[in-house]
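Notebook open, new model on the screen. I'll jot down what I look up as I go.

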Amino acid sequence: GPREFLDCISHIRALVWLLLGSLIHYSLSKDNDILCQPIPISMGVNIAEYVQVILTGTADQSGDRISVVHMSSLYQTFMACQLWTIYCERVGMGQHTSSQANQDECYHGNVGILEFWGRILPKILGIVSHTNTRDGSAKEARLHLLSVMEGLQECHSSALSLLLPLFQPILHS
């Protein structure tokens with residue numbers, strides 16, 4: 001209901017700050033072997049659940065006009081998705097060695113990314129394909145997804161190549 005929707009927005013906002021802090025620490029650290037990992041990759045399932053609740057709440061908002069709360073929550077949700085993708089990728093890179101442990105972490109990071117997006121993409125597709133073409137939430141979701149793709153490209157994210165085939169149905173709907 002509405003309370004769960006607002007709780008999920010609060011969780012997503014906190015998540016964005018944690019992810020930003022971790023990624024800023026990573027980028028400013030002179031020794032990139034020191035990883036700030038406040039959230040385990042395995043939490044991607046829980047994060048995907050928050051995202052799904054917000055996307056469902058947004059899809060339930062009907063008509064030409066989407067409320068400010070729903071519009072801002074959609075923005076924050078896609079921002080969290082982008083940051084989570086980059087975070088998983090950075091955690092997956094771990095230390096810059098070619099050890100078996102590092103290869104396992106990299107694999108775990110990519111699996112975390114694919115599992116996360118695999119859980120939320122059906123909801124995004126539902127928003128863009130099953131709503132009225134004049135519906136603001138469909139347009140907003142499509143634009144936010146394009147923004148995520150641009151952001152991942154600007155970060156030289158290797159995950160983008162994994163995600164593009166998954167994004168195709170949404171981009172062509």
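I started with confidence: the protein has a mean pLDDT of 83, and 81% of its residues reach 70 or more. (pLDDT is the predictor's confidence in each residue, from 0 to 100.) Helix α1 (residues 2-28) has the highest mean, 93, and helix α4 (residues 100-130) the lowest, 78. Helices here are DSSP runs of H or I, at least four residues, numbered from the N terminus.

Ground rules for myself: this is a predicted model, so local features need pLDDT of at least 70 and side-chain atom pairs 80 or more, while totals for chains, interfaces and linings use all residues. Residues are numbered from 1 along each chain as its sequence is written, and side-chain values use heavy atoms, leaving out hydrogens and water.

Next I checked for disulfides (cysteine sulfur atoms within 2.5 Å) and found zero. Cys88 is buried at 0% relative accessible area, and Cys36 is partly exposed at 29%. The scale: buried is under 20%, exposed over 50%, partly exposed in between, with a 1.4 Å probe and protein chains only.

Then the rings. I get four aromatic pairs, counting Phe, Tyr and Trp rings (for Trp, the six-membered one) with centres within 6.5 Å; planes under 30 degrees apart are stacked, over 60 edge-to-face, the rest tilted. Trp117 and Phe167 are edge-to-face, because their centres are 5.1 Å apart and their planes at 70°. Trp117 is in helix α4 and Phe167 in helix α6, so the pair ties together parts 50 residues apart in sequence. Both Trp117 and Phe167 are buried. Ring pairs also link them with Trp84, Tyr87 and Phe116 in a cluster.

Technical notes
Helix = DSSP H or I, 4+ residues; strand = E, 2+ residues; numbered from the N terminus.
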